[in-house]
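Subject: Structure handover

Hello,

Here is the structure for you to look at. My notes follow below it.

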Amino acid sequence: MPSRGKPFCLGLWSVSVPICRAALSISSGYESFLVNIRQRIVVEESNIIDEALQSGVAQPCDSMRDGPFCRGLPTGTLPNHWPFTIDSIIPQHLFGEDTGEGDGTHRQAMETLNRFLETYYNPREGMKRLAMEGRLDLRRVPLAGDMPRAFSRGLPAGIQASWHGAWQPSHGPRLDSTSGVVTALRVNGAVTKLRFSRAVVVRHLRLHPPLDSGSASRLVVRGRKAGLEVWSSGHDHGGASSDMWPLCGVGDTALCKFTDDQFHFCRILSSYRETVTVAWQDGDERHRVLHWKHVRTLGGIPCTARRKNRSLSSENLWRDLAQSTKSVDEVSFTVPEGEFGWLLGEIVVAVEVPGDVNVDAKAGLDTSLNVVQVLPNTRSMISDISGAAVVYDADDMLERGLRVRREWQAEAVHAWDESELRKGPKVGEGPHRVNMGNGRSVEAFQQFLRSLSADSELSLSWLPAHISPYQLVSEVTVLVNSLSASVKEVKKHTHFESFFGALWDRTHSLDALHVTFERWRRSTIMQTEAEHPFTVGQLWKGRYFCTQGPTSVTLNITSVESDIVADLRFQFQPRIQDSKAQGAVGTFTVGGRFESEGRFLSLEPVPGSWKQRPSNFVMVGLSGVVSQRSGELRYAGSVPLSGCDSFVLSPQKAADEASTSQAQHTRNDLLAYRAVLRGLNQAVDGARARWRRSLEDVISQKDSTKKSVSTQVAQLVETAKNQGLLSFTTEEGGELVVQIGGN
């Protein structure tokens, strides 16, 4: 049995493929190893195609059973045989024919398998697990009244389901052409949840957009386990006249461009007009906000494309939003935009059961397995899947005549209006750039808290249906309490905005907060709070914080036609205690488009626009939100560069008309609600101030380290000059020889 550090043959292929191909027989020990590996190469049920159902396709054979020459001869330039080792480790029926060029899906599969064998492979871990499946029998739900809090009819034995939120039994359209009208559960609120007594794998979860809806609506489904998000799915319904479907959506696995200019696996967490927030498959927390043009499908198609919806019949609008490889104990349904009324028409779950007949079948098993998962278009990645997941391994695929689904490519692709994309703010590049996006941000979150805590009748109107003030305050408190960052987290994220975004996306269930924030951000009332805030000749003044310390900044607006264009002037004055630092003044041009939705403005530097450039300074942009406070306009947000933080700007002349507040008689509970939100808003300021101090300490430590190293090098050079030759051992155990003069 090969060791974990030296996987059989795979490492050899990468440097000498012909050697492996020349082997026509292998020992029984290696045969067992290869069989074990084939069982670790799996395809999810939703990603397979049954070729046996297609006319004219011959049943495939299995080289493990029928010999290495059972399959048709290759048509390429390779030798006319497929040796057992090549056919077994990287199956032709999954990844296609190897071109012999060392590229394409074969190369990617080989790299994935090498990494899997070195890090994750455990020969004692068996793949075949037993599972018990059950379909919730919605026909037994009484149509009169609300959904019972506990209803589990049809689920596997020992599984209890509890329903939270505004669920209403209702009739729904047929699921397919062979079924009749179904009993469905209507989502009547912004947040509803389904909880299970123990972890299950959701194999099917079919939902339908609101019936007779003429407006857009968005549904986001999240699967959680022990409070942490495991998977998510989304469905954007464009209304009754919508005939275009997006290629990429929330929860999809895609290819995303990192700062190394390479595309890597990612999962889409949230989407906005210009940007998308992703989670990297390798767990990297950096650079998770990308421009849509940097996101592609697994087939390499830009996500800025659309596909034509062939049919707009009711059954065609049912979508299966389940992700059936991981176990969860809670599924939440949120409607952050548009009408409620989504219909849940089918839910099928499975649980893992013991293989030993002497063990109680109701015993709670929830194991996970590391596998190489083959995705559409035969890309592969390492995943951990539940023992109850429905997957097919390489042998299953071969024996049953199954193939990996190829991503839709044949139909006409309708791209977004590229001219509209060009009008938007250009997302910067580079490893030190921190993309903010036009969705959630620290400043937008604080404005949200100010709106909800204002002495106005609107303060409670922002709460969607079936979300209570107590529920919202509880979730805001959880998020704010998480903002106290350790030094390790400061070093990891380098920017408070990045740290906040990671918490926003991964903190325990914040459904009520997310939905309320999105509906507040998209509301027409908030959009009109700061209409047309910029005028030509207007001068905005304020300051921002970067590594050099607080810096004064002014914006002189020069154009407001299509984009906002301004001359940005900054002036840095060193602290009194820093006697060696010198002041600096610089001016350059910035530009960007003002988004009325969310009142977001990202001003990016115009390349080559320096009008006054000090040494050791680079151009930086501003990403923030425009609002009104006490009747005055305010543009605030973050400087999107590692090592920088927030900025605040206001027009030089305050508005002539200040808002007036009228005294109102307010209930004591509402006063307490507003007071708590104001206190939480102040806590965000405190967390940001502590972050800034920690960041300054980290930067000063780096500077001290650099100075120390420079001093040591200078001393070594001086010693070398005196002795002519110096040899010493480094901390890593190496030897460094310094020779001055001579040959």
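What percentage of the 743 residues in the protein is buried? Buried residues make up 49% of them. Buried here means under 20% relative accessible area, exposed means over 50%, and partly exposed lies in between, with a 1.4 Å probe and protein chains only.

Some ground rules. This is a predicted model, so local features need pLDDT of at least 70 and side-chain atom pairs count only at pLDDT 80 or more, while totals for chains, interfaces and linings use all residues. Residues are numbered from 1 along each chain as its sequence is written, and side-chain values use heavy atoms, with hydrogens and water left out.

The whole protein

The protein has 16 helices and 35 strands. These are DSSP runs numbered from the N terminus: helices are H or I with at least four residues, strands are E with at least two. Now the contacts, meaning heavy atoms within 4.5 Å. Take those between residues at least 6 apart in sequence: 67% join residues at least 24 apart.

The open sheet

Four strands form an open sheet. Their order is β21-β20-β1-β22, and the pairing is mixed. Two strands pair if DSSP finds at least two bridges between them. β21 (379-386) and β22 (391-393) stand at the edges. Each has a single partner strand, so one side of each is left without a neighbour in the sheet. From one strand to the next, the twist averages 45°. Its axes are lines fitted to C-alpha atoms, with angles from 0 to 180 degrees between N-to-C directions. Strand β1 (residues 41-44) runs antiparallel to β22, and three bridges join the two. E44 has V391 in β22 as its bridge partner.

Helix α11

Helix α11 covers residues 469-481. Its 13 residues should span 18 Å at 1.5 Å a residue, and the end C-alpha atoms are 18 Å apart, which agrees. The expected span is 1.5 Å times one less than the number of residues. Buried in α11 are L472, V473, E475, V476, L479 and V480. Seen down the axis, they fall within an arc of 165°, so they line one face of the helix. The arc is taken from the directions from the helix axis to the C-beta atoms. Y470 and N481 are exposed on the other side of α11.

Residue E443

E443 sits in helix α10 (residues 442-452). It counts as buried because its relative accessibility is 6%. Leaving out residues up to four places away in sequence, E443 touches R450, V625, R634, A636 and G637.

Best wishes
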